[in-house]
Amino acid sequence: MISNCVALHRHVFLACLVALTLTGCGSSGSDQSGTSDANVVEVFSWWTSGSEAAALQVVFDAYRAQYPDVSIINASIAGGGGSAARPVLQTRLVGNNPPDTWQTHPGAEVLGQYVAPNFAAPLDDLYAEEGWYEVFPQRLMDMVSRDGSPYLVVLNLHRSNTLWYNKPLVESHGITINKRLSHDELFVIFDRLKAGGIAPLCMGDAGIWAAGITFENTLVGTIGPERYLGLWDGTTSFSDRDVREAMTTFGRLVDYFNADHAALSWDQAVDKLIEGSCAFYSMGDWVYGEFVQAGLVDNVDFGWIAHPGSEDAYLLVSDGFTLARDAPHVAPTRNMLRVMGQRVVQEDFNLQKGSICARTDCDRERFGPYLKWAMDTYRDATLVPTVVHGSASPQDFRQALNDALTTFVVHRDVDGFARTLKREARMSGFGR
Ligand code: GAL
């Protein structure tokens, strides 16, 4: 396996080594032997957890079936939310050594970090050839296009504001979960669980971004989707009373995290929920992908509701892939993107990933109760962007939020947190 890695370009080699133990990069993920350089496509992502790797494999299997002569370099770098992958990618892009295609999020991230500096190529012709203008929703197209040209093929739509729970565990404490809960009702439940020796709220924020998701969910749930949208156009300020109330509530939630939260990755915290050492998790539905991997059954082994107060919002986290402007292997990469956009591939991929199709024409009946619920809320709720996953704001604000959160989970200084975010929003050009 190592020799497969050694045959690669030096940057790919590093990524491969990291991925080796986690995804089998070099064996199932890549297969360089006996292929010419032109018959290669390098796919860069951070999909290394059990469900992420399984979902990526679905795409690779479909590609291999359609393009058997091309080998795939799986350049995935572990670290949820791309926390470790994105800096490596940036170094490669700036050093004019791009992977053929890389994972990124719609909105500010793809347009600000990759399209504006000219790292990504427009995909108009691919969209036209594949008839994609008809099957991808306009609101998504708006988030991946500049001057009318799309730059991303989007695989999925994750819902970030879901509150998961271990159903048998919660019920064994005599607790029934209603369809909606307020934060106050949740705190009553948490106290009961805590008294029973269970960590009420799961967290794996070794990469602080995971705590950021719970914060974002609390924010939307407290101020509502319209005022949350206002944060990104300056009509809502980070020092407003309701925003500070959200910060206070988030601080209270932190008190219920499992004690080892800072040492765990997001998916290790899912394992804790499954084994029953913590009960709830306010996290995107990549968690559902891990439940699927573990063979759990919807509404039996686990339940879910919207994060308190956020019933009318759909906090969107979505994944797509680019074509590098200077892609070393253009034709095989265009074909990789073609495969990612296929309806059946999107269905198969999303069943593993825990998300719903980006395409509008997938077969709803292939999906189970949770994903049907996610589809319904996507249809009915107000769509709001994530800052934690780069869609809502420029990268410098996302970094500032991560830094401020790291301090806040330790000190719980609401005034300082609000002041910092207000200042950073102004400096990033959208706050007031
Ligand atoms: C997000 C990504 C999801 C999920 C999550 C955890 O950035 O959009 O697909 O994998 O990170 O790694």
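Two strands count as paired once DSSP finds at least two bridges between them. Within this pairing, Val153 sits opposite Phe321 of β11.

Before going on, a word on what you're looking at. This is a predicted model, so local features need pLDDT of at least 70 and side-chain atom pairs count only at pLDDT 80 or more, while totals for chains, interfaces and linings use all residues. Residue numbers run from 1 along each chain as its sequence is written.

Back to β11, which has other partners too. Strand β3 (residues 101-104) runs antiparallel to β11 with two bridges, and Thr104 faces Gly320 there.

How covered is β11 (residues 313-321)? Nine of its nine residues are buried, meaning that 20 or more other C-beta atoms, placed from the backbone, lie within 10 Å of a residue's own. Ala313, Leu315, Val317, Asp319 and Phe321 point one way, and Tyr314, Leu316, Ser318 and Gly320 the other.

Val317 and Asp319 also turn up around the ligand, along with others including Trp46, Glu52, His158, Trp266, Trp286 and His389; the criterion is a C-beta atom, placed from the backbone, within 6 Å of the molecule. By class, this shell holds four nonpolar, five polar and two charged residues. Here Ala, Val, Leu, Ile, Met, Phe, Trp, Tyr, Cys and Pro are nonpolar, Asp, Glu, Lys and Arg are charged, and the others, Gly among them, are polar.

Zooming out, the chain splits into domain 1 (2-156 + 318-370) and domain 2 (162-309 + 393-427), with bounds from an automatic or database domain assignment. Between them, 20 residues of domain 1 are in contact with 20 residues of domain 2, contact being C-beta atoms, placed from the backbone, within 7 Å. On the domain 1 side, α3 gives the largest share, five residues.

Finally, how far to trust it? Mean pLDDT, the predictor's per-residue confidence from 0 to 100, is 92 for the chain, with 91% of residues at 70 or more. Residues 1-36 stay under 50. Where pLDDT is low, predicted coordinates should not be read in detail.

Note on methods. Two residues are in contact if their C-beta atoms, placed from the backbone, lie within 7 Å. Helices (H or I, at least four residues) and strands (E, at least two) are DSSP runs, numbered from the N terminus. A residue is buried if 20 or more other C-beta atoms lie within 10 Å of its own, exposed if 12 or fewer, and partly exposed in between; C-beta atoms are placed from the backbone.
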